[in-house]
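I'll jot down what I look up as I go.

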Amino acid sequence: MASGGAVLRVLVAWACLRSTVYGPPKPDADMINLIHHAVLNGITFFDTFDVYGPRTNEILLSKALKDGVRDKVELATKFGHRIDARVPIEVTHQYPRFQAENLEQNNNLFNRVNEIALKKGCTPSQLALAWVHHQGTDVCPIPGTTKIQNLIQNIGALSVKLTTEEMAELESIADSVRGDRYLSTASTYLNSDTPPLSSWNAK
């Protein structure tokens, strides 16, 4: 939770990632401080994944959530495997959306997002988080960061209010993105056997 009861989850995996994909590993002390800063600012939902590291995220969390901190937060994790573990998922420059045939249109769309963010007085990343947050009460953004200043900026996204017209414009931009999000070899929700929402019982 954060300002006004709005929900913002923190993707602990990115904050604690031990892979060189996102740069050199950060010191435990820095990441623990980041997690504590998130809790002090009202973030109470942390998302992790056992393959990040791999398997070091939970160890880091166990250090960060000592001395009563664990009682203040909820934890979630993901599980599953890639179709071909030899193909890195995070090879951004190989993503279809960044290929030459798609790049020009997608760059134009990015510029439109920048223009909207400028009018709203926020950053493009805050606008993106606000757009996700406005999708409904059953949807919640999960931003990740390794820096406190970025965490503060992410929390600030909760203050960005979008009108129906602005949401429609952002939806139009999202629908116009050219190229798949992931490589064809990556395992995504399209490969999952998620049961329909109608079958879920909250009791």
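At what angle do helix α4 and helix α7 pack, and how far apart are their axes? I'm working with a predicted model, where local features need pLDDT of at least 70, side-chain atom pairs count only at pLDDT 80 or more, and totals for chains, interfaces and linings use all residues. Residues are numbered from 1 along each chain as its sequence is written, and side-chain values use heavy atoms, with hydrogens and water left out.

**α4 and α7.** I found that α4 (residues 100-120) and α7 (residues 164-175) pack at about 160°, with axes 10 Å apart. Helices here are DSSP runs of H or I, at least four residues, and strands are runs of E, at least two, numbered from the N terminus. Axes are lines fitted to C-alpha atoms, for helices over the stretch in contact, and angles run from 0 to 180 degrees between N-to-C directions. The two helices are therefore roughly antiparallel (over 145 degrees).

Next I checked who touches whom, with contact meaning heavy atoms within 4.5 Å. From α4, Leu109, Arg112, Val113, Ile116 and Lys120 meet Glu166, Glu169, Leu170 and Ile173 of α7.

**α5.** Which residues of α5 (124-133) are buried? I noted Gln126, Leu127, Leu129 and Ala130; buried means under 20% relative accessible area, exposed over 50%, partly exposed in between (1.4 Å probe, protein chains only). Their cover includes α4, α6 (148-156) and α7.

**Aspartate 67.** I found this one in the loop between α3 (57-64) and β3 (74-78). Aspartate 67 has a positive phi of about 55°, although it isn't a glycine. Its relative accessibility is 80%, so I logged aspartate 67 as exposed.

Definitions and conventions. Angles under 35 degrees count as roughly parallel, over 145 as roughly antiparallel, 65 to 115 as roughly perpendicular and the rest as oblique.
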